[in-house]
Amino acid sequence: MSKVVLITGATSGMGEATAKLLSENGYKVYAGCRDKNIEKCDGNINYIYLDVTKTESIKNAVKKVIDTEGKIDVLLNNAGYGLLSTLEDGTDEEIFNQFDVNVFGLIKTTREVLPYMRKENYGVIINISSFLGKMGLPLLSHYNASKYAVEGITDSLRFETLPFNIRVHSIEAGLFGTNFVKKGLVINEKTMSENSPYKKLTSHLVPIVAKAINEGPDPMAIANAVKNIIEDENSNIAIPVGAEATTFVPLRKELSNEDFEKKIIETFGL
């Protein structure tokens, strides 16, 4: 019987690439989308309404998969976006929304799926994290904090699910060629204002990050990493994927806090 996979944020970027790859390899994929009218099928991909900021939407999506398939073998928590803002400028609404999608939505979706995985005594949960869940960068402090939280959730949840044969992993993604700049980045207007005291920083760093994303590699590398985790019971807990991740994540372990900070300042010209 084909493994059943539920993916959040599955209609673009990493989620879309993963849905396509898994479906082409015989997995039954349920691709979550915030469009309430999305319900359709495309081969082994079933598009369903799933908004991680709406608890009822999560419950209904999971129920639909269970009613149809009787199980969920794999959950890929992929939905997420980045807030570009200094810590000083972030509004209450922006702060909450960042965590509502990247952290609370991940927790709620996982919470809803876990009872069914426990019943089957099997499951794989993969959280799309970031190399920025292991290090800081200016103008992305809220996003960084949300990804640090994802890493903490992954590490803790692994202990809770160990008795039930449920594996939990994170993929620490680098910068990939997706629509993240156009669709996945929310800009704080005050931070980007010509009158901002952080103008020098934004003028220097924003083009560097935008260029790295716009000219980044195909997100198929993330899709392949997801597939490998599912199919390898001995897969590592956290998998860095992409140039930035495979460069900085190991360095973060090797260097002291102070030396690593100096390396970041030097690399990004801060």
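**Exercise 1.** Within what distance do the axes of helix 3 and helix 4 come, and at roughly what angle do they cross?

Before the solution, two conventions apply. The model is predicted, so that local features need pLDDT of at least 70 and side-chain atom pairs count only at pLDDT 80 or more, while totals for chains, interfaces and linings use all residues. Residues are numbered from 1 along each chain as its sequence is written, and side-chain values use heavy atoms, with hydrogens and water left out.

Solution. Step one: the axes of helix 3 (residues 92-120) and helix 4 come within 9 Å and cross at roughly 15 degrees, where axes are lines fitted to C-alpha atoms, for helices over the stretch in contact, and angles run from 0 to 180 degrees between N-to-C directions. Helices here are DSSP runs (H or I, at least four residues), as are strands (E, at least two), numbered from the N terminus. Step two: helix 3 and helix 4 are therefore roughly parallel to each other (angles under 35 degrees count as roughly parallel, over 145 as roughly antiparallel, 65 to 115 as roughly perpendicular and the rest as oblique). Step three: on the side of helix 3, the contact (heavy atoms within 4.5 Å) includes Ile95, Phe99, Val103 and Leu106, and on the side of helix 4 it includes His142, Lys147, Val150 and Ile153. Step four: sorted by type, the residues of this contact are twelve nonpolar, six polar and one charged (Ala, Val, Leu, Ile, Met, Phe, Trp, Tyr, Cys and Pro count as nonpolar, Asp, Glu, Lys and Arg as charged, and the others, Gly among them, as polar).

**Exercise 2.** Describe how helix 1 packs against helix 7.

Solution. Helix 1 (residues 13-24) and helix 7 (residues 220-231) pack with their axes 8 Å apart and at an angle of about 50 degrees, which makes helix 1 oblique to helix 7. Among the residues in contact are Met14, Ala17 and Leu21 of helix 1, together with Ile222, Val226 and Lys227 of helix 7. By type, the contact of helix 1 with helix 7 divides into nine nonpolar, two polar and one charged.

**Exercise 3.** How many aromatic pairs does the structure hold?

Solution. There are four aromatic pairs (rings of Phe, Tyr and Trp, the last by its six-membered ring, pair if their centres lie within 6.5 Å; planes under 30 degrees apart count as stacked, over 60 as edge-to-face and the rest as tilted). In one of them, phenylalanine 99 and phenylalanine 104 have ring centres 6.3 Å apart and planes at 45 degrees, so this pair is tilted. Ring pairs link Phe96, Phe99 and Phe104 into a cluster. Phenylalanine 131 and phenylalanine 248 form a stacked pair, at 6.3 Å centre to centre and 20 degrees between the planes. Because phenylalanine 131 lies in the loop between strand 7 (123-130) and helix 4 (141-161) and phenylalanine 248 in helix 8 (residues 243-254), the pair ties together parts that are 117 residues apart in sequence.

**Exercise 4.** Is phenylalanine 131 buried or exposed?

Solution. Phenylalanine 131 is buried, at 2% relative accessibility (buried means under 20% relative accessible area, exposed over 50%, partly exposed in between, with a 1.4 Å probe and protein chains only). Phenylalanine 248 is also buried, at 7%, whereas phenylalanine 104, at 34%, counts as partly exposed.
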